[in-house]
Amino acid sequence: MTTWKTAAVAGLTLLLAGSGLAQSRSAATPPEMVATYDALADAILGGIKAERKLVLAILATTYGHAQAEAGRARAALKAGDAAAAKTAIENLATAVGQIATEGDNAVAGVRKRLLEGGHHANSEGEAQGTFDEGFVIVNKVAKKAFLESSQALAMSAKAPKAETLDAEWKKVEAAWTQHIAGAK
Amino acid sequence: MEESRGCLDPAHRRRQVALALLLAVVGGGGCRARPPIVCYPPLLPPAQPSPQGFHFVDVAAERGLTRAILSGRPDKDHVLDSAGAGIAFLDYDSDGRLDVYVVNGWRLDGARVTERGRNALYHQRADHTFEDVTDAAGVGGEGEWGAGVTAADFDNDGATDILVTNFGRNVLYRNLGHGRFENVAARAGVEAPGWNAAASFFDADGDGWLDLYLARYIDCTLDDVLKAERTLPWRGLEKVAFGPFGLKGAPDYFFRNDHGRFVEATNEAGMKDLALGFGFAVRAADFDDDGDTDVYVANDSDPNYLYRNDGGGRFTEVGVMSLCALDGNGAAQASMGIATGDADGDGITDLYVSNFSEDNKTLYKGLGGGFFSDVSRETGVGPLVYRALSWGAALADFDNDADLDLVIANGHIYPQIDRHPEIIGTYRQQASLLENRGAGALGPGETLFRDATGSAGPGFAAPRSHRGLAVGDFDDDGRLDILMSVLDGPPVLLQNRSAAGSWLTVVPAIPGGPAVPVGTRVTVKAAGKVQRRDVAAGDSYASTHDPRLHFGLGSAETVDEVVVDWPDRTRTVRTDVAARQRLVVRKAPQ
């Protein structure tokens, strides 16, 4: 939910509280307040779903970028263009690293803000020790797999080879399929 | 869930999340010299082994280092109260003896400032005692709340200058010569108001001028500090200082040095602090061994950064894919300090990062090319210092056996834990000394490092709340000594009286050039071992080590080769150099 919507709902609630409705003699919560709270609940719960969808979209976009860079790297290797292959593999390594961390440093900044505000997208996973703090989709096992592939790819960029690229990319695909592709 | 936020300790936070869920369920809440080598005769008799192993004695008071470091309130109501400050070895008057600079904070009483501490510059006399020359030099700190110190020659005039990073405006003391300094921070463009935790001078673009990286911690005002209350529950037993979680990170800055004036160029250089990490320490070095200088930043509670220099002073942040942003499990740690060196003797620079209590302290093995692997557990570094809260650190050879030992300044941030010492120990903690056993000499089940703290003499026995740490051979006896800052007390100077082997100290010098040739690398080959060091300005936790490069040589009395790689990528090589001397190697004119 956007901040202005939250502010509007809160403002309305305050207005109601200050109105004659709030001074009703009935012990029952005024229905207008219940309805407002119900709308607020929709917005809060919708926000959590929206966060999950957005993080999935970030991951899918990053994975798509990784696929494209893997393709560029293969093409460059086929053409014998080592410099282009190096660049593509480094970009690929960066993308795979960003899958591990559910986004780049800019996204990390947003995640940090949410944590600072007390929002834990996956507090159950955190409590179970399967998710790092603030992570929505990528669990610790997946994170480690992507991190290792990211480093392996980056290290291979200095002397790029098609077989190394293919082997490592298969690992990335497998981790994606196992941990993320089915997430909703 | 308040406990899961606002705490420096990620392990603590994880436990609190688990606790909250549980409560929800249950319903509870001598040399053969030839030009341009200059050989100094030893100022003291050669290092004589003490009868047994490591032996360090605190000689700070008797040698004259007495300035108490003020650190906010006794109860440490705000994280600034417990952050402490850095410390430096430097030679400001170029007399060949190490001097000392101590950074100071303020004393508070509740919301009232009762004393603004003064920094101190100590000049070392020929008898290895120190005299306080702060007033004469004009380097008292300008009334700011000090955080760190970086000593280097930013204006290439041949004299060492002093940058003091502050909670407030930074102070840049330009060395005028004759023991006098002037603050030129405003004119030079580096005041950067805010919480500037630590800094590193380095030449990012190879133009011969030292650029500057500022690691900055949290975005808060003095008013926030003065009004702070301890609101963070600790183990359900105490209320402790809140933060850094719940507080906004301050962006780090990068400044290009344009002939002595600095131009803020963070974004242009590719160093925009997108994640607003809580920056606490910075070390510049050529981590990928490609001839230019990279930058590593330790962030409290956030992933650390590795800025790879892509040439020309353009950087790419590659910490994640280099595997030195997170620990081996992929988790961000609450990092406080940095040490670099070749711990395992494979010729590749390794990286040590000190972290919060009840967490591994992390040793990243260099794999080459700027890539790392977390070897904390298998080397013993992680488990051996697990309980302590660690800050400044150094990889240095304290027994001159030709491998790098590890010294770590420890001290907790919550004085309140003293009421429950059985849980995680006490607020004041011993510094740690981990002895390197030598990678080629390990027995079955032995780790590379062993804890030698308990047998390292009285200097290591005393628990203190240590923060900054700098290493240097202040008494020129060939054994590295340790200088540490301590919260609410005078500094500690641990004189090294250990049994020690042979040694060589190399002093790279550029005639007509900067006083401290930052970025110079020296490789020493002796008795089949190859060791390398680099000259840095800004290291450890907000501190600066002795710029002279010390090598332990074991039993070797001759060094086969000394190779000096200068910042301009030229090289000077000397062969058959006698050990147990301070060797000045001057760069030949081009």
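Two strands count as paired if DSSP finds at least two bridges between them, and strands (E, at least two residues) and helices (H or I, at least four) are DSSP runs numbered from the N terminus. I noted before going further that this is a predicted model, in which local features need pLDDT of at least 70, side-chain atom pairs count only at pLDDT 80 or more, and totals for chains, interfaces and linings use all residues. Residues are numbered from 1 along each chain as its sequence is written, while chains are lettered from A and ligands numbered from 1 in the order in which they are written.

**Entry 1: strand β4 of chain B**

I looked up the partners of β4(B) and found that strand β3 (residues 87–90) of chain B is joined to β4(B) by 4 bridges, running antiparallel, with B:Leu90 opposite B:Asp99. Strand β7 (residues 120–124) of chain B also pairs with β4(B) in the antiparallel sense, over 3 bridges, and there B:Tyr122 is the bridge partner of B:Val100. I then checked the side chains of β4(B) (residues 99–102): B:Asp99 and B:Tyr101 point one way, B:Val100 and B:Val102 the other way, and all are buried. Here a residue is buried if 20 or more other C-beta atoms lie within 10 Å of its own, exposed if 12 or fewer, and partly exposed in between, with C-beta atoms placed from the backbone.

**Entry 2: an open sheet in chain B**

I traced 4 strands of chain B forming an open sheet in the order β23-β24-β25-β26, with antiparallel pairing. Its edge strands, each pairing on one side only, are β23 (335–341) and β26 (371–374). Between β25 (residues 362–368) and β26 of chain B I found 4 bridges, and B:Gly368 stands opposite B:Phe371.

**Entry 3: where chain B touches chain A**

I recorded 24 residues of chain B in contact with 28 residues of chain A, contact meaning that the C-beta atoms of two residues, placed from the backbone, lie within 7 Å. On the chain B side, α1 (10–26) and α7 (319–322) each supply at least two residues, and the largest share, 5 residues, comes from α1(B).

**Entry 4: helix α6 of chain A**

I looked next at α6(A) (residues 140–156), which has 17 residues. Of these, 12 are buried, so that the helix is mostly covered; among them are A:Phe146, A:Leu147 and A:Met155. The cover over its buried residues includes α3 (82–100) and α7 (162–179) of chain A, together with α7 and β26 of chain B.

Technical notes
The expected span of a helix is 1.5 Å times one less than its number of residues.
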